Amino acid sequence: MMYRTFWFLTSALLAATFGCASNRAPLPVPSPTGASIALPAVKWTEQQQANHVLNRLAYGPSPDDLELIQRMGVAAWIDRQLHPDWIPDDAVTLKLRALPTLTLSTAELYARFPPIQVQARLAGLNPANSDDRETLLQAIPKEDLPRQIPIELVAAKLIRAVESKRQLEEVLVDFWFNHFNVSVDKGQVKWMVTSYERDAIRPHVFGTFRELLGATAHHPAMLFYLDNWQSSRELPDAKQGRARPGARMGLNENYARELLELHTMGVNGGYTQKDVREVARCFTGWTIDMPRYIGDFVYRDRMHDKNSKIVLGTFIAPGGGQDDGERILDHLAAHPSTARFIATKLIRKFVSDEPPVSLVDKVARVFLDTGGHLPSVYAAIFTSPEFWSDRAYAAKTKTPLEYAVSAVRALGGTTSGEAPFAGAIDRMGEPLYRSQPPTGFPESAEAWVNAGALVSRINFGLALAANRVPGTKVDVLRYVKPAQSSDERVKALATAILGRAPEESTRKKLGEAVASASGEGAHGQQRPADPMILAGLLLGSPEFQKQ
Amino acid sequence: MKVDRRFFLKSSGLAMLGLGFAPGFLSRAVAARTAANKKILLAIFQRGGADGLSMVPPVGDPEYYALRPTLAIARPGAGDGAALKLDDTFGLHPALSSLTPFYEAGALAIIHAVGSPKPTRSHFDAQDFMEGGIPGALAPDGWLNRALQAEAARNSSAFRAVALQSNLPRSLFGSAPAVAMGSVAEFKLRTGRLSEAGTRSFEALYASAVDVALRNTGNETFEALRLLEKSKLDGMPEEHGANYPNSPLGRRLKDVARLIRADIGLEVAATDCGGWDTHVGQGAAQGQLAERLKELGDSLAAFAVDLGDRMADVCVVTMTEFGRTVRENGNRGTDHGTASVMMVLGGGVRGRRVIGQWRGLREPNLFEGRDLAMATDFRAVLSEVLGSHLGISRLGPVFPDFDGAKAPLRLFSA
């Protein structure tokens, strides 16, 4: 509490300082813990260290974050990012107020945006008839259609990714959402996903893995997405494959399988098909209260399989209830296979597409020793020699989201998160909140480095630099001065966007391209390079695809 | 909606087939087979685990109706929503009715109980293993890419291998160049005032990229962009009254047909269709699964009609990572299973057959007492498609430790 007051004052000062670009006095920023994290010795320049950290723990370098790191040092910046409560983020909070659905519960969203079927019934139309459907869609104002929910969710994600000061939190929310993936395209998930990210993912990314796992396991979005809400004890005659007409009782193993394979132990973690069934039986009765109107978690004892179970060698006595599932989650969250699986995935995200085994061992041990305390796990990665090795530097290719957001940040931009920005990310291959399979989006670059995606990236870079992405504004001119020669401009912009002065050959190539497009001035002499075209070329360059 | 076969044929532009005219591509197929290097393969992956027992229901197997009380497709002739008769054992899902003319004309073969000898019920692994072409192990590259590597010399077009989707599927991972694109229309640089100079400088930047993957992708991209610009196929209309569904798969197959008609060296095309993971409310003659099947069948039929005579050189193969549980689950759906169905459509196909040993659905014959067991290895189908249709002679590197000649399916006429 004490440092919260202290930080409120400091943050007010900071905000005042950043608000006005011409009035920036160096401000000492103490770390409230006193004990900040210790980084291994590294030969890189300060600029390289800042680039690396901002490329991995943030959505790429922005002028503001670069300056902050310059002032407080890399270690203090990382320490603060591991404690987002210390970082005021009022500007983003204020901006998100323009998106009212973000704070609504699932039940409120149903009331505000009734499903088309419900609206049709109210209007006396038949939702199964395509003409009736069309009539209805025409009659309802766009902002009253259920699709407004994902539109606002996407906008919020993009605003936060570009502008939030709590960059690591945003990176982690994206990581864990993708780990515990749900898709807005499946049935009722659209009404539940706002709460899922807000209530199940975001509050726990700096907690323990068990908390995060439990929150997702209880959330209606997950229960719906992986069908557990309909899973119940087998009826005796259903075992013979003759479900009573009209009955919908029976076991559904979808969630149980993905819980083991994707959320905790990993596919080679050492479980069997029998374990999948037994886990599914433990979670029978974890369901949703009125999934089309209320959408809250509820445990229904009459759906629960009360018989004994044996999961991964552990005996679960008969007569249990909701606790059967909780015990499974306890067991899985503390399992060595889970520790390795999560360590590997985080290292792939933050360090390298091919996680070094030495680091996996170390991080998995931290996971087990700390009871899955996630900040300790993250810190073990960020302070490892592997994270700070030359092999890790600029070694990863940006995902579509990372590429698009880092481009806006590199140019000191802001966004309202409107459709054109999101649409560009769709075309690069990873439409936000719409990854259909439970695996989420793929983790390694092979999946998204391809011709069509490259064309989409280059097109986005060109459009963005020219401020032709409605709702998203960048400031290219901040990096150049009117009197500069073309070569000086190339150097200045490349340093700003790529984080270092480009090689002679690259500079020449860029200069030539821009010269032909910039044309001649009034007196026949060559105009200095158009900074927007230049920035577009740099954003589309191979170097900017890397992080 | 009532599925009326006659209405369907008309709306698919296939009326002539229904009236008994063999499509031209069939009669010309044998003659065209001499020029093996013009052959084209389209591979469609049904992601999510498609239920082979609904796609091609074993209507002659009495166990089927006992195991699927609410999901089974009715026996042929049982009125609306009944299966379409294929033979004494099997029927075709009524939503696939636009494929029956092709089946009747001998251009469509179905392989049932097809799967992997090392099955897994993980979507992720099963897809990776199948697309990698090596059961039970993760290959660094894909079966389609290795096939292209095996005959690298014969075609150097930038469009030799194309995935019509925004991400390259694992089957095309590897050293042979392959282009992925969401659509033909999107595949265009918008360089504005920079115009040609912009394209040239991006090309130069990527040619000297340090990152090998980016450099290679860059090379493929700029070559493909040039070729596509010359061919002017954006907006090329479909032919022969082909009626593609206005759906992702319909649009993608329309683009594949354009690439084929533009004669720019396409040899292998791949695309996905999703939505097959029917754990809940799968539906029978109508419903969730039926809608997916209708999109698949109508898209394939439109593709074949659109290509007309060119279809003699084209083979389409469909696959899915696994089938689904033989018993329906408690939610009128099905869970992850083992063997499923593949389809092979095109010129030279010895069709009008459901291929594969059928052991029946009695419990002792099921895999682990719950799934349709594999009778045919998926590699047997793919290796004949590569060998007999694409004319690739060296299949050893494509499917190591597998010899398709041991139990040939003879999917193609010699």
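Predicted model: local features only at pLDDT ≥ 70, side-chain atom pairs only at ≥ 80, totals over all residues.
Just after H12(B) comes Gly308(B), which takes a positive phi of about 55°.

Staying in chain B, the next stop is a pair of helices. Helix H9 of chain B (residues 195-207) and helix H10 of chain B (residues 212-231) have axes that come within 8 Å and cross at roughly 150°. H9(B) is therefore roughly antiparallel to H10(B), and their crossing is left-handed. On the H9(B) side, the residues that meet the partner helix are Glu203(B), Tyr206(B) and Ala207(B). On the H10(B) side they are Leu214(B), Arg215(B), Gly218(B), Asn219(B) and Phe222(B). Sorted by class, the residues of this contact come to 4 nonpolar, 2 polar and 2 charged.

The contact between chains takes 54 residues from chain B and 54 residues from chain A. On the chain B side, the elements giving two or more residues are helix H5 (62-67), helix H7 (123-132), strand E6 (179-181), H9 and H10. Of these, H9(B) gives the most, with 8 residues. The side of chain B that touches chain A divides into 22 nonpolar, 20 polar and 12 charged residues.

Now for chain A. Its secondary structure comes to 25 helices and 6 strands, and 49% of its 547 residues count as buried. Among contacts in chain A between residues at least 6 apart in sequence, 70% join residues at least 24 apart.

Helix H17 of chain A (residues 336-350) gets the length check too: at 1.5 Å a residue, its 15 residues should span 21 Å, and the end C-alpha atoms are 21 Å apart, which agrees. The buried ones are Thr338(A), Ala339(A), Arg340(A), Phe341(A), Ile342(A), Ala343(A), Leu346(A), Ile347(A), Lys349(A) and Phe350(A).

Chain A has a helix pair to look at as well. The axes of helix H22 (residues 451-465) and helix H25 (residues 531-540) of chain A come within 8 Å and cross at roughly 150°. That angle makes H22(A) roughly antiparallel to H25(A), and the crossing is right-handed. From H22(A), the contact draws on Arg457(A), Ile458(A), Gly461(A), Leu462(A), Leu464(A) and Ala465(A). H25(A) answers with Met532(A), Ala535(A), Gly536(A), Leu539(A) and Gly540(A). By class, the contact of H22(A) with H25(A) holds 7 nonpolar, 3 polar and 1 charged residues.

Thr216(A) counts as buried because 26 other C-beta atoms lie within 10 Å, where 20 or more is the cut-off. Leaving aside residues up to four places away in sequence, Thr216(A) touches Phe180(A), Ala200(A) and Met222(A). Phe177(A) is 39 residues from Thr216(A) in sequence, yet in space the two are 9.5 Å apart, C-alpha to C-alpha.

Technical notes:
Residues numbered from 1 in each chain as written. Chains lettered and ligands numbered in written order. Axes fitted to C-alpha atoms, helices over the stretch in contact; angles between N-to-C directions. Helix = DSSP H or I, 4+ residues; strand = E, 2+ residues; numbered from the N terminus. Parallel < 35°, antiparallel > 145°, perpendicular 65-115°, else oblique. Left-handed = near helix turned anticlockwise from the far one by under 90°. Contact = placed C-beta atoms within 7 Å. Nonpolar A, V, L, I, M, F, W, Y, C, P; charged D, E, K, R; others polar. Buried ≥ 20, exposed ≤ 12 C-beta atoms within 10 Å, placed from the backbone. Expected span 1.5 Å × (residues − 1).
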